[in-house]
Amino acid sequence: MIWAILVISMPVVVLFARLLYLVLLYLSQRSKYDHLQQAESMDWVFKVMFGGDSAQGDLFHESRDQDGRAYPLLNCGPNLDGHQFLIAQDPEIVREVLVNAKDFPRYPASYWPLQGVIGDGIYTKEGKEFHTRRKAMQPLFHRENLLSILKNTANTSYEFISNLEDGKLYHATPIFREMQIYNAINLVFGQNPKQLDKKLVAETYIKMLLAPSNYLTGQQILGKINHYLPFPWSRSVKTRSDALYNLFDDLINQRRKELSEIDEPYENQNYEDLLTSLLLFQRDDGTNFTNSDIINEMRTFCLAGHSSAAKTLGWATYHIGRNIDIQRKLQEEVDRILKGRPIQEDDISLLVYTKQVVKEALRIRPVVYLDRLVTKDTQIGDHYIPAGACLSLYLQGLHMDSRYWEDPDTFDPERFSVGKEQSRVPFSYIPFAGGPRGCIGKKFGMQESIVGLATLVQHFEVDSSSSPDIVPMDINSSCTNITFKLRKRF
């Protein structure tokens, strides 16, 4: 009986002890940041995590003054791990943080909890291992290879979108997520790999993505002890992670066997998928990536290869569905260049206005978050930042600052015309980060989004008036509330 009581009460005791430690940690460090401008809400992180869209919209407005100018640096109270949480919205600070990546590495408590969902790949790696993995993958994203991949992306998008129903009301998240997960699978495995059930891979991975949000929150608050406590969300994530690992492990072994049967030297082959690139890469010490290494990267790129493009398409659809003149101009360009066929290699550079629409969607709704650790006391311009804080580059505020963007609340693709782009303040627009840790797949993500958007307006007229009016939200805003109705054009 006593043992049963101890077992049942242990998680509660551990949770209480951990929370007490976090409170004391925050109180012991808080005074170091008193000189910084404080946000109105000193519980910023908790509102972002638990307050819903309206709370996040309120926080966005708190980050700007009455003239629409973003405050350069704000003290926003405690982070979930007990350290100070700061947001930066100034191009000078953003540049310093991104360019000097060694002094501002990724904030551990923001990224390592994701390992249970996306694996411990390039997204969470630092130092030499990060650079090794980037070197292995970089050729896959060269321009020539991306144009070869484009055909697969175009065919997948064309087949998927052409089968959508006339007059039906769709929710953006599941529609675009499903389409882009297949494009990501093509990037990771190739277009037609032997014995690959793409539907099974897609379904298994989507189940992994739908892991309870409580898991990530628990990881941030409790740290690694979250793995050892009998919470249902931890068991759920582990079960789904194991299923995905076993599936990917079998596929890697199959590809190893296929490669061993190739007569030509590997270096003379043109590989257009991540799996083959990683299997053939050798480290500086002559060793190869293990199956576990490769699985982590496959998980990462299945997420990164579809998530940002799916969200971008959702927000682009929302805005063109409420701005008919923009939609008409978009359709005119697509009709003139494509003439009713799927996109081809030579078309992507000609879809200039389509690219501008995608860029504007990424300005108003950035789809990444960039949290960095301040490793040492730092002076950036007029701003002194003590070591130890979580410094979040708040892209939503940066991209909506009236000092750098005229009428920033208006959706206007023309602001990305050639002349205007050249005159922009550096680091006032960073949808894919920048510096040595800039997104390796940003060109692929842009290509995916351009192809998806062009294919959508090629087949349908879009009406998103059924969606609620959505206020500016947090940097990682989803498009779960977006709905749209499609009407066949021809």
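Mentor: Start with D273, which forms a salt bridge with R255, the closest N and O atoms being 3.0 Å apart. A salt bridge here is a side-chain nitrogen of Lys or Arg within 4 Å of a carboxyl oxygen of Asp or Glu.

Trainee: Where do D273 and R255 sit in the chain?
Mentor: D273 is in the loop between helix 12 and helix 13 (274-280), while R255 is in helix 12. They are 18 residues apart, and the pair links distant parts of the chain. Helices (H or I, at least four residues) and strands (E, at least two) are DSSP runs, numbered from the N terminus.

Trainee: Are D273 and R255 buried or exposed?
Mentor: Both D273 and R255 are buried. Buried means under 20% relative accessible area, exposed is over 50%, and partly exposed is in between (1.4 Å probe, protein chains only).

Trainee: Before I go on, what are the ground rules for these values?
Mentor: The model is predicted, so local features need pLDDT of at least 70 and side-chain atom pairs count only at pLDDT 80 or more, while totals for chains, interfaces and linings use all residues. Residues are numbered from 1 along each chain as its sequence is written, and side-chain values use heavy atoms, with hydrogens and water left out.

Trainee: OK. How many salt bridges does the structure hold?
Mentor: It holds 22 salt bridges. Another one is R64 with D409, where the closest N and O atoms are 3.6 Å apart.

Trainee: Which parts does the pair of R64 and D409 tie together?
Mentor: R64 lies in the loop between helix 3 (52-62) and strand 1, and D409 in the loop between helix 17 (395-399) and helix 18, so the pair ties together parts that are 345 residues apart in sequence. R64 counts as buried because its relative accessibility is 11%.

Trainee: What does E421 pair with?
Mentor: E421 forms a salt bridge with R424, with the closest N and O atoms 3.6 Å apart. E421 counts as partly exposed at 26% relative accessibility, and R424 counts as buried at 16%. There is also a network: salt bridges that share partners join E129, R133, D293 and E297.

Trainee: Switching topic. What's the strand order in the open sheet?
Mentor: It has 4 strands in the order 1-2-7-4, with mixed pairing. Two strands pair if DSSP finds at least two bridges between them.

Trainee: Which strands stand at the edges?
Mentor: Strand 1 (73-78) and strand 4 (370-373), each with a single partner strand, so one side of each is left without a neighbour in the sheet. The twist averages 25° from one strand to the next.

Trainee: How many bridges join strand 1 to strand 2?
Mentor: There are 4, and strand 1 runs antiparallel to strand 2 (residues 84-88).

Trainee: Now the backbone. Which residues other than glycine have positive phi?
Mentor: Among them are K339, with phi near 55°, and F427, with phi near 65°. K339 is in the loop between helix 15 (324-338) and helix 16 (352-364) and counts as exposed because its relative accessibility is 66%. F427 lies in the loop between helix 18 (418-422) and helix 19 (442-459), and at 21% it counts as partly exposed.

Trainee: Last bit: what about the chain overall?
Mentor: It has 19 helices and 9 strands. Of its 490 residues, 54% count as buried. Among contacts between residues at least 6 apart in sequence, 76% join residues at least 24 apart.

Terms used. Axes are lines fitted to C-alpha atoms, for helices over the stretch in contact, and angles run from 0 to 180 degrees between N-to-C directions. Contact means heavy atoms within 4.5 Å.
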